[in-house]
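Subject: Structure handover

Hello,

Here is the structure we talked about. Please open it alongside this note. My findings follow below.

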Amino acid sequence: MIKLPHLSDFPLAVKLLVTSFLLTLGLEYGVAGLYTQQQFGFSYQSIVGTFSESKKGKEQHMMEMEKHFSDMEKHLREMEAMSPQDNKVAPKDNQFGETEITLDQVQEMPHRVDLKLLLQDGHVHFFSIGAMNLLMGACLLFTRLSDRWKVVLTPLPFAFSVVNYASMFMIKYVADSFAYLILLSGVLMGVSFAFEFFYTLYEIWFVSKKESSHEK
Amino acid sequence: MKNSKIVLVAFVIAVFLAGGPVWAHVTPNVVLSTTREALVKLLPTGGKLFQKEAHLSDVDWNKLKSFGNWAEPDQGWSGGGERDYKFFISRDQNNIILRAVVFVSEFTRHGQVMVAVALDGNGQVTDALVTDVQEEPLEWVEPLLVSNYMAEFKGKDSSMSLQLGAKWSSMSTMSQAYALSIANAVKRGAQLFDLIIRPTTAKK
């Protein structure tokens with residue numbers, strides 16, 4: 001059986017190359033997470049509202065958007081104060097079937113991820129996430145983890161990615177509760193990434209050649 | 001044994017640090033104007049604000065489809081399959097329409113583009129705003145907005161042409177494609193107004 005060398009035994013230039021790659025990827029992963037949190041939020045409601053085709057899902061999204069834009073309220077109230085409207089008037093319908101409202105009662109229009117965008121994102125991101133998982137997994141192969149652990153850990157990020165994407169389709173066409181599977185598989189994707197990230201860096205910089213050869 | 005401890009420590013660190021990127025791989029939407037901001041910009045002050053939620057019946061839907069610029073949900077790439085719309089209408093003391101705004105989305109292959117279309121009581125477009133666009137196509141939509149493309153629609157109605165004027169031919173191919181998507185959203189807004197709101201304009 002081929003015995004792979006360990007990262008801790010590699011020349012400094014290789015260690016620096018792998019470390020730079022990991023840090024860049026880690027930074028990008030973190031920024032992507034922060035950006036998504038700002039744009040959508042990580043909650044069952046926001047996921048259902050974004051992907052679900054059910055009426056309930058759309059209503060949930062509108063509620064989520066309401067919450068998301070609550071920081072705009074103060075500013076808009078000031079703008080509304082410039083127009084003579086009475087905020088305390090109870091909603092009432094006119095003869096055209098329209099309900100009288102105030103600007104405060106306006107709900108944000110939902111932003112939705114439809115099938116076309118899901119397919120578009122899928123074909124781009126499946127490749128990039130696959131390539132990322134391949135490189136991260138390759139780094140893990142050159143650590144001192146036992147073969148048993150490597151067999152278990154290296155395919156998992158791929159599996160979580162597939163489940164994550166499949167759930168986005170399932171929530172659209174099967175049931176809103178697949179939002180929980182999106183959350184779970186998404187967290188597990190992140191955990192897998194972080195484990196590979198930290199463990200590989202640990203091996204490179206905190207395991208000495210001596211320790212490494214001793215274990216052989 | 002030591003190996004197991006290392007794995008355990010790394011796992012604990014991972015759990016604490018990796019909760020964030022749950023579905024970071026969905027291309028983010030960019031909000032250019034919130035719904036309220038758009039209404040403040042597009043509606044006149046002084047009128048009473050009304051909201052009308054409209055669900056298109058099969059009859060309405062077939063009529064709109066016959067115009068040729070509407071698509072079934074998830075069919076084709078031009079969008080327009082949504083059956084539920086919301087109008088925000090400003091009326092004066094005599095219930096005459098001062099302005100109506102409807103939000104219309106075009107579902108392109110690079111994501112949703114939402115346009116707020118403002119119309120007067122005769123169904124003529126008074127103004128239009130792109131309120132939401134996906135991060136990726138923003139690169140193609142932004143040049144249009146900077147070049148005041150939305151002013152092109154002022155005074156037009158549901159019979160407007162979906163052909164771009166010569167002055168937009170210098171734009172990139174993708175920008176021109178998005179210009180047509182936006183134009184279709186405006187046209188659909190005017191068509192919706194004619195179908196749902198305009199019948200009420202004669203009444204008091």
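Which strands of chain B does helix α5 (residues 173-197) lie across, and at what angle to β4(B) does the helix run? The strands are β2 (48-55), β3 (84-91), β4, β5 and β6 (125-134) of chain B. The angle to β4(B) is about 135°. Bear in mind that this is a predicted model.

**Chain B in outline**

Chain B has 5 helices and 6 strands. Starting at the N terminus, the order is α-β-α-β-α-β-β-β-β-α-α. Of the 204 residues in chain B, 53% are buried. Take the contacts in chain B with a separation of 6 or more: 65% of them join residues 24 or more positions apart.

**The sheet**

The sheet is open and has 7 strands. Their order is β1(A)-β2(B)-β3(B)-β4(B)-β5(B)-β6(B)-β1(B), with antiparallel pairing. As a reminder, strands of a sheet pair through backbone hydrogen bonds, either parallel or antiparallel.

Now the individual pairings. β2(B) and β3(B) run antiparallel and are joined by 8 bridges. Phe50(B) faces Ile89(B) of β3(B) there. β3(B) also pairs with β4(B), again antiparallel, over 5 bridges. Phe88(B) has Val101(B) in β4(B) as its bridge partner. These two strands, β3(B) and β4(B), form a hairpin with 5 residues between them. In the turn, Asn95(B) has a positive phi of about 65°. β3(B) is mostly covered, with 7 of its 8 residues buried.

Strand β4 (residues 97-108) of chain B pairs with strand β5 (residues 111-119) of chain B through 9 bridges, in the antiparallel sense. Phe107(B) stands opposite Gln112(B) of β5(B).

**The cores**

In soluble globular proteins, nonpolar side chains tend to be buried together. The largest nonpolar core here has 44 residues. The members that touch the most others are Val115(B), Tyr149(B), Phe153(B), Ile182(B) and Leu192(B). At least two residues each come from β2, α3 (58-66), β3, β4, β5, β6, α4 (135-146) and α5 of chain B. α5(B) gives the most, with 12 residues. Another core of 16 residues lies apart from this one; Ala38(B), Leu43(B), Val101(B) and Met114(B) are among its members.

Phe153(B) deserves a look of its own. Leaving aside neighbours within four places in sequence, Phe153(B) contacts Val125(B), Ala128(B), Met160(B), Ile182(B), Ala183(B) and Val186(B).

**Aromatic rings**

How many aromatic pairs does the structure hold over all chains? The count is 15. One of them joins Trp61(B) and Trp70(B), edge-to-face, at 6.1 Å centre to centre with 85° between the planes. Both partners are buried: Trp61(B) has a relative accessible area of 2%, and Trp70(B) has 7% relative accessibility.

Why is the pair of Tyr149(B) and Phe153(B) edge-to-face? Their planes stand at 80°, and an angle over 60 degrees counts as edge-to-face. The ring centres are 5.2 Å apart. Tyr149(B) is buried at 2% relative accessibility. Phe153(B) is buried too, with a relative accessible area of 3%.

Trp70(B) has a charged neighbour as well. Arg188(B) lies over the face of Trp70(B), 4.4 Å from the ring centre.

**Chain A**

A few points from the other chain. Tyr29(A), Phe193(A), Phe197(A) and Phe198(A) make up one aromatic cluster. Lys15(A) sits over the face of Trp205(A), at 5.9 Å from the ring centre.

Last, Asn164(A). This residue belongs to helix α7 (residues 156-173) of chain A. Is Asn164(A) buried or exposed? Asn164(A) counts as buried, because its relative accessibility is 0% and the limit for buried is under 20%. Its C-alpha atom is 7.1 Å from that of Leu181(A), which is 17 residues away along the chain.

Best wishes

How values were computed
Residues numbered from 1 in each chain as written. Chains lettered and ligands numbered in written order. Predicted model: local features only at pLDDT ≥ 70, side-chain atom pairs only at ≥ 80, totals over all residues. Heavy atoms only, no water. Phe/Tyr/Trp six-rings, centres within 6.5 Å; stacked < 30°, edge-to-face > 60°. Buried < 20%, exposed > 50% of the residue type's maximum accessible area, 1.4 Å probe, protein only. Lys NZ or Arg CZ within 6 Å of the ring centre and 35° of its normal. Pairing = 2+ DSSP bridges. Helix = DSSP H or I, 4+ residues; strand = E, 2+ residues; numbered from the N terminus. Contact = heavy atoms within 4.5 Å. Axes fitted to C-alpha atoms, helices over the stretch in contact; angles between N-to-C directions. Core = buried A, V, L, I, M, F, W, Y, C linked by side-chain atoms within 4.5 Å.
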